[in-house]
Amino acid sequence: MNKRVAVEVDRLSDLPINVINLIQEYVHLDAAARMSILSSKWRYIWASHPKLLIYEHFSRNRNQSGIIHVINKILSNHSFGEPIKTFFLDIIPIHFSDHSLLDQWMLFLSKNGLLELTLKNNNNVNAPYKLPLCVYSIVLLRQLYLSNCILQPYSCNFRRLENISLTDVIFDLDNESSSCFVLCLPILKKLSFVRCRGLYPLNIHAPQLVSFAMSGRGSGTFNLHSILKCQKLDELIYYPQEEVSQNDEMINMPQLPIIFPKIRHFVFDRYSLKVI
């Protein structure tokens with residue numbers, strides 16, 4: 001009987017690592033850490049999971065130093081193990097005077113094959129986070145979601161981005177020196193701007209674009225003609241909610257199905273109709 005108990009299979013420890021990672025994806029970081037007591041094999045897996053998701057509720061009952069300690073600890077565990085592929089961070093608990101810490105985390109992530117990056121900074125309206133240069137060199141990045149950040153795309157190498165969603169993002173582009181600046185996104189499928197500013201000098205080359213959405217104040221300065229070459233566009237949503245700049249020639253409404261032969265979904269508001 002004792003021998004049978006000794007050799008009995010520990011079902012938790014015997015689970016494949018991909019199954020353990022999948023289980024931990026459905027629980028919060030706190031719960032994932034507590035799960036380390038379930039099995040010796042699980043002891044450090046929570047801190048080496050390829051997805052690091054720091055939501056607002058995780059920070060709710062912690063001070064800033066405690067949050068920084070946890071993130072630093074997890075990142076240090078990834079230094080010699082499985083790299084982080086998905087990083088989600090709610091920046092709210094990090095005071096803007098300590099944004100240099102975020103720069104250090106971004107530098108670490110940029111060297112380890114990051115695929116998906118989400119930075120939420122919704123409540124710090126007066127303290128947008130300026131992305132460090134290392135972020136623009138993440139060659140493998142496929143998904144980018146930002147809110148209340150400052151973006152300088154001069155040196156970006158986002159050749160593999162498939163999905164971009166930007167909310168309250170400021171494009172730091174000089175009107176004179178960047179009047180002909182083109183952001184090349186060769187395999188981008190979805191692009192969304194919400195209340196973004198500094199868009200006027202920006203031109204976009206995205207031949208694989210399927211969905212384009214732009215809304216909120218600041219959208220009226222965007223050069224809509226820069227996406228007219230996106231012939232695979234299936235969805236076009238454009239409601240700037242403000243007067244649209246008349247810097248470019250008007251778009252002829254009957255020509256839209258010709259310009260976008262695969263278009264199925266249009267959304268316009270009364271302001272955007274003035275240029276169509």
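**Strand pairing and helix packing**

Modeller: Strand β6 (residues 149–151) pairs with β8 in the parallel sense, over two bridges. Two strands count as paired if DSSP finds at least two bridges between them. Strands are DSSP runs of E, at least two residues, and helices are runs of H or I, at least four, numbered from the N terminus. This is a predicted model: local features need pLDDT of at least 70, side-chain atom pairs pLDDT 80 or more, while totals for chains, interfaces and linings use all residues. Numbering runs from 1 along each chain as its sequence is written, and side-chain values use heavy atoms, without hydrogens and water.

Colleague: What stands opposite I150 in β8?

Modeller: I170 does.

Colleague: In what order do the three strands of the open sheet come?

Modeller: β4-β6-β8, with parallel pairing. β4 (129–130) and β8 (170–171) are at the edges with a single partner strand each, so one side of each has no neighbour in the sheet.

Colleague: Switching to helices. At what angle do α5 and α6 pack?

Modeller: About 15°, with axes 12 Å apart, for α5 (residues 64–77) and α6 (residues 99–110). That makes α5 roughly parallel to α6 (angles under 35 degrees count as such). Axes are lines fitted to C-alpha atoms over the stretch in contact, and angles run from 0 to 180 degrees between N-to-C directions.

Colleague: Which residues meet there?

Modeller: I68, I71, N72 and L75 in α5 meet L101, W105, F108 and L109 in α6. Contact means heavy atoms within 4.5 Å.

Colleague: How many helices and strands are in the protein chain?

Modeller: Seven helices and 14 strands.

Definitions and conventions: Angles under 35 degrees count as roughly parallel, over 145 as roughly antiparallel, 65 to 115 as roughly perpendicular and the rest as oblique.
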